[in-house]
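Subject: Handing over the structure, with notes

Hello,

I am passing on the structure that you will be working with, and below it you will find my notes on what turned up in it. Please keep the view open while you read, so that you can look up each residue as it comes.

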Amino acid sequence: MRAKPEYRDRDDTEVAVLDALADRREEGMTVFELRSRTEENIDRIEDALAALKADGLIEVEDNGERTVILPGEGVVGESKPDEAESILDQIRKRLPL
């Protein structure tokens, strides 16, 4: 799974966090799980989480035993890119102009 295209123009760490959360959208992930999944340092992850939380793109749940981060409703897109779109078109979208 991946974050929807409208959320992919954010900071690379934010997109990596959203993509990681999309893979585990039901159970969520801890900060340490996100760190191992995104391979970013903890400071960058914390900054990304703060920005995503401020924009309402993630939810944080504390169940007493652990705190997990979940993607916000409507943030997760389809499991694979639009097949009608060529690989070259997908690359062009990701390159900064």
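Helices (H or I, at least four residues) and strands (E, at least two) are taken here as DSSP runs, numbered from the N terminus. With that rule, the chain has four helices and two strands, and their order along the sequence is α-α-α-β-β-α.

Before going further, please note that this is a predicted model, in which local features need pLDDT of at least 70 and side-chain atom pairs count only at pLDDT 80 or more, while totals for chains, interfaces and linings use all residues. Residues are numbered from 1 along each chain as its sequence is written, and side-chain values use heavy atoms, with hydrogens and water left out.

**The chain as a whole**

The accessible surface of the chain comes to about 6,600 Å², of which 47% belongs to carbon and sulfur atoms; such areas come from the Shrake-Rupley method with a 1.4 Å probe, and for residues only the protein chains shown count as cover. A residue is called buried under 20% relative accessible area, exposed over 50%, and partly exposed in between (1.4 Å probe, protein chains only). Buried residues make up 31% of the 97 residues in the chain. If contact is taken to mean heavy atoms within 4.5 Å, then residues 24 or more positions apart account for 52% of the contacts with a separation of 6 or more.

**The core and the helices around it**

A nonpolar core is a set of buried Ala, Val, Leu, Ile, Met, Phe, Trp, Tyr and Cys residues joined through side-chain atoms within 4.5 Å. The largest one has 15 residues, and those with the most contacts inside it are Val17, Leu18, Leu21, Leu34, Leu49 and Ile58. The elements that give two or more residues to this core are α1 and α3. In soluble globular proteins, nonpolar side chains tend to be buried together.

Leaving aside neighbours within four places in sequence, Val17 is in contact with Leu34, Thr38, Ala48, Leu49 and Leu52. Leu52 belongs to helix α3 and, at 0% relative accessibility, counts as buried. With the neighbours up to four places away again not counted, Leu52 touches Arg10, Glu14, Val17, Leu18, Leu57 and Ile58. Leu52 and Glu14 are 38 residues apart in sequence, yet their C-alpha atoms are 7.1 Å apart in space.

**Salt bridges**

A salt bridge is a side-chain nitrogen of Lys or Arg within 4 Å of a carboxyl oxygen of Asp or Glu, and by this rule the count comes to nine. Arg24, Glu27, Glu33 and Arg66 are linked in a network of salt bridges. Because Glu33 lies in helix α2 and Arg66 in the loop between β1 and β2, the pair ties together parts that are 33 residues apart in sequence. Another salt bridge joins Arg44 to Glu40, with the closest N and O atoms 3.1 Å apart; Arg44 is partly exposed at 36%, and Glu40 is partly exposed at 21%.

**The strands, a loop and a surface patch**

Strand β1 (residues 58-62) and β2 pair in the antiparallel sense over five bridges, where pairing requires that DSSP finds at least two bridges between two strands. The two strands form a hairpin with four residues between them, and Gly64 in the turn has a positive phi of about 95 degrees. Four of the five residues of strand β2 (residues 67-71) are buried, so this strand is largely enclosed by the rest of the structure.

Glu39 has a positive phi of about 60 degrees although it is not a glycine; Glu39 is found in the loop between α2 (31-38) and α3 (42-54) and is exposed, with a relative accessible area of 70%.

Best wishes
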